Amino acid sequence: MGVPSRATAAKGATLDHEELEALSQSHKVLEQAYSVDSKSPDLVDQIADHSEPTSHNYFFEPYTNAAAGWQAQLVHKQKLLPYPAAITSAYDNMRSGSFSGLLQEIHHAWVSVDNVLFLWDYTRAERFVVFDGIDQTISAVAIAKPIPGVFKAFVKHVLVVATASDMRLVPILYEHSDPVNGAIRLQATKLCISTDDVTVKKIVSTAGGRIFFGGSDGHLHEFVYDATEGMLHQLGWKRKCRKETHTQSLSTYIPSIFRSLTGALSSSHGKIVDLTIDPERHILYVTQEPATIHVYDLLPPGELKLVASKDIHAEAARFCQRNHRTWTSCPEPRLFTTNMTTISSVSVVGRDESASIHAVAVSSTGIRFYLSTFTPGYFSSSSKRPTHLDMSHIRLPPPMLALDDAPEYHVTEGLAPAILTGKSPAYVHKALYRKGVFIAIDGGPDAFDSVVGLCQDLTARHTQDASNKRLMRESISSESCQGKVSDVQELARQASAVHTAPASASSGTKRTFSDMQASSSASSSTEEPPPAMLSELVTQFFEPSRHFLVLTNAGLHIFEKIRPIDHLVRILQGSPIPGKDLSAKLTQFVKCYGRAETCAMLFVVATGEPSPYTMAALQSVFDFGGQPGVAPSGGTPPSGGGSNTTAGATNRFVLTDDMCMSYHHDGLVKFLARILRPFWTTTDHVVADALDHVRVVLFRLQSILATQYASALDHPLTLAEPSRFNAITRTLNAMLTEANPSSLREENAVRAEQFSIRCLYRFTVRALEATSLLVAQPHTATLSLALPELVTTTAGAAACKVLIQKLMADAGHSEELVHQLRDECPLLFTDTDAAECHGFQALDAAATCVTAHDQQVVLAKALEHFRLASQSWTTEAQLSVLESICQAFFGLGYLDGIVELSLACARQLTKPDVAPLRRMAYSGIVQAIQYLTQNDTELPICGATSTTLWTDQEEREAAIGRILGRVLASSDTQLHLIVLTWLYDHDQKKRLVTLKGPRVEAFLQAKDPELLVSQYLVQERYVDAAHVLWTRAQDDHRVIDERVALMSRAASVLAAAQHPAALNALAEVRESLDVLQLQVRQTCDWG
């Protein structure tokens, strides 16, 4: 039922033609899905779409429909994690003021109460540390990486603590030097600067350790401390620890004691309210009251350059005047002519979300200003430097935050962006935007804050794909939180192993085969691809849920971003048994996301941990998956018999120009491409836990495919593509199509899908086995191959063989490992791998044998195992095991094994392109000869026991003779040439002349005829020796004296022979000699 037989498994490492065809086809389809997923709509495309009146509207539905299993996209996961009692008690006794913030690098929150600093570990609710070595009220705290050379190497982070008069660095230490479990210790230092009575409001640091801060004086300052002293330090012109101001005014040069009297001089400089660093583009944004944003370039490292400064209020007014008549989402200009705008925060837009929009500024009324620092149209690059600050879009907040205030039409049309007094946000003092999630903290000075969550609405994605639109719709949620919010951040998670490749934008509609080829060629033309812009529909398959930390003066609130798959699980949990209730709820879900996307998510649930609703998810795959069919002329795929025809327009994966796969097939392709995405471009440095999770998922998927698609897997693995048919078959097919076009096309579509399912099954099985090998050996050397290459290519199969060899070597070639690999990797672990393992087991047994006879018997068994194993040693990496085997044979004195195994390896390497590998197979023989003839103990073949063997010269000569005899007895002419050449080049000519055989004679005849004469004389073959000399004397190109000498030697050799044939030959030679001598005399007479 699709499971390869043992005969197929024996050939699994070499990938026969049929297997390669199937794996190549599945790779092609999965690569298409990968490319489509790699290009989500750019944020600039979303804000630029004004084709519909509701393109930029806000929606409550369907997220408020709890009866159907939905919930808001941003929900409270942890209502309140309160501070420890000591911090609460300090709040009660506060005298001057308190501030707080998050330090995610060390998973702590900082809380200052007057002059006491608390660090609270919110992952261990009762653990905190107190630092009271400061005598003034603490106003701001940040964390930074230390400058190299200042602190000890074990100091990874330092705290930057600001008060009204100074700012100091405090290194972070851990008990028992354990950053994971050890409690934090703070240690005071002398690294301190004066703030000149500036109230510091914000401190940020770069990845390189530069520290910037700003506050009440409206200037940008930098805390500089040097690791070494230069000449300026020694002369006293520069302090080793100092404050550098990057913005200057006249008030800077006035002593702080008189600044209160010269307020007018500094009135033009509003307070610094926010500092934001873009770590990807190396840009610093400085926000100044009321609405001025300065852009600084942080490159080259160590420098700072002001690029642009803009009054966002004035810029917004000009933007609206230019665009309010053409863009339906653009506000009226009077909004910014009658009301003053105050910017409360700036968030960075990552390169994985937009190439053109780089930051989002948020006003106190919740208005978002989308900003760009590059010239429009420039390619997104981390090396491209900012040149200006432009406004790209203005987005008003929702007109209301409560569902009860919404009009009836909101269910279908949503709410247009607007500001309604008393219902829209009015006091936004903290905000965060990241990857489709906008969180605004709204609340006046005398009320608890509320957390407003505006999240990208993906529920209309299938209709966007059908009409080629990128809409900027968002859902609304709002929850109150206890206390006043001081900081909001997204919970940082470990860096993902996802490596993405660029892909051309896809409208997501049904595409033909030619469309796919055109898009694939266009996607490879860029030189410096930006990060792939992945939708949440894609990332939810391999990344955990996103969480957001909201810190208040009462404790910590944790919010969770609900993904589409979370909604689906909630629906299944509410109706775990297939039936009308579940079908009705899933029908609405399908309307929102489309059937292919729904099936892909259902596969996630079906392959997850067993639960009461697992079977319901699997059954729903086929209830909503439809059937394969023929695309109408308009290009829209058929409904396929599903319960919803309006959700039919979605991304499709097709094999021919007019066939459509079923939705459950497309969902399977999406699911498989997405769970494998972290390993699609590389398998280096993968997270072992993530790889093991994928392995478990693939195992469950294999079981599902084997049972649910049994009928498809039972068919022979032959392609149903018309392009595979010969001319006669295509002609016959065309005639049948004319007679009954509809039924035949539908039948072809069914066969095409069955073929695709079988190919995907083969891919799944091999991917499962490859991941099993990677999980078993997570710290293996770099493979330089991605997972698809490991699965679908012969080079990948060879790399898997190397992994198996290393795994067996690390495990000591245990029999238990053999059984485990046979069970888990039946395609990759073949009989040759088992033979190799058994061969090493026999080698270990031979080393412990008591008698020489027993040892020879066991060594012969080991040789037989290795001979079988050598059938799969076809690459340099695989062949490297031969060296260790030859070393073991040599150490046990088993020279016959070295020769026989080397010959067996060479027989597999006969093609011209593997000639270097064939020579590598002979290296064990050559090294053995070299050791025995030259006593070279530095050779790789020499193990610890090799020098104790063949100490007697007679034994050594006998061993050499045995090896050379075995070599010359073989039919391997290349080995003959290599060994004989080595003997000739390494001063073994005396040994060469003692060897017998036509191969030796032919070698000496071509290499050195004098040695051939010597060989014949040693063997008392005088006639042959004389013939060689006579033949050389017949060469007219030689000088006459040399010819006479050769002919004289030939006569002498024949005269010494006691053989009738020699006497006959002697007469002929003497006649020739007389002629030559006569020529010599004539030459002398003429001279």
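What follows is a conversation about how some terms apply to this structure.

Student: What kind of model is this, and how are residues numbered?

Tutor: This is a predicted model, in which local features need pLDDT of at least 70 and side-chain atom pairs count only at pLDDT 80 or more, while totals for chains, interfaces and linings use all residues. Residues are numbered from 1 along each chain as its sequence is written, and side-chain values use heavy atoms, with hydrogens and water left out.

Student: Why is Ser112 called buried?

Tutor: Buried means under 20% relative accessible area, exposed means over 50%, and partly exposed lies in between (1.4 Å probe, protein chains only). Ser112 has 0% relative accessibility, so Ser112 counts as buried.

Student: What is Ser112 in contact with, leaving aside its neighbours within four places in sequence?

Tutor: With contact taken as heavy atoms within 4.5 Å, Ser112 is in contact with Gly97, Ser98, Phe99, Leu117 and Ile138. The side chain of Ser112 also reaches the backbone oxygen of Ile138 at 3.1 Å.

Student: What makes the pair Arg674 and Asp37 a salt bridge?

Tutor: A salt bridge is a side-chain nitrogen of Lys or Arg within 4 Å of a carboxyl oxygen of Asp or Glu, and the side chains of Arg674 and Asp37 meet at 2.9 Å, N to O. Arg674 lies in helix H17 (residues 663-675) and Asp37 in helix H2 (residues 17-37), so the pair ties together parts that are 637 residues apart in sequence. Helices here are DSSP runs (H or I, at least four residues), numbered from the N terminus.

Student: How many salt bridges are there by this rule?

Tutor: The count comes to 44 salt bridges, and one of them joins Glu244 and Arg242 at 3.1 Å, N to O.

Student: Are Glu244 and Arg242 buried or partly exposed?

Tutor: Glu244 has a relative accessible area of 28%, so Glu244 is partly exposed, whereas Arg242, with a relative accessible area of 13%, is buried.

Student: Which residues have the most contacts inside the largest nonpolar core?

Tutor: A nonpolar core is a set of buried Ala, Val, Leu, Ile, Met, Phe, Trp, Tyr and Cys residues joined through side-chain atoms within 4.5 Å. The largest has 85 residues, and those with the most contacts inside it are Tyr593, Leu672, Leu676, Phe763, Leu773 and Leu821. The largest share of this core, 10 residues, comes from helix H21 (residues 741-776).

Key:
Helix = DSSP H or I, 4+ residues; strand = E, 2+ residues; numbered from the N terminus. Polar contact = N/O pair within 3.5 Å; in protein donor to acceptor, adjacent residues only side chain to side chain.
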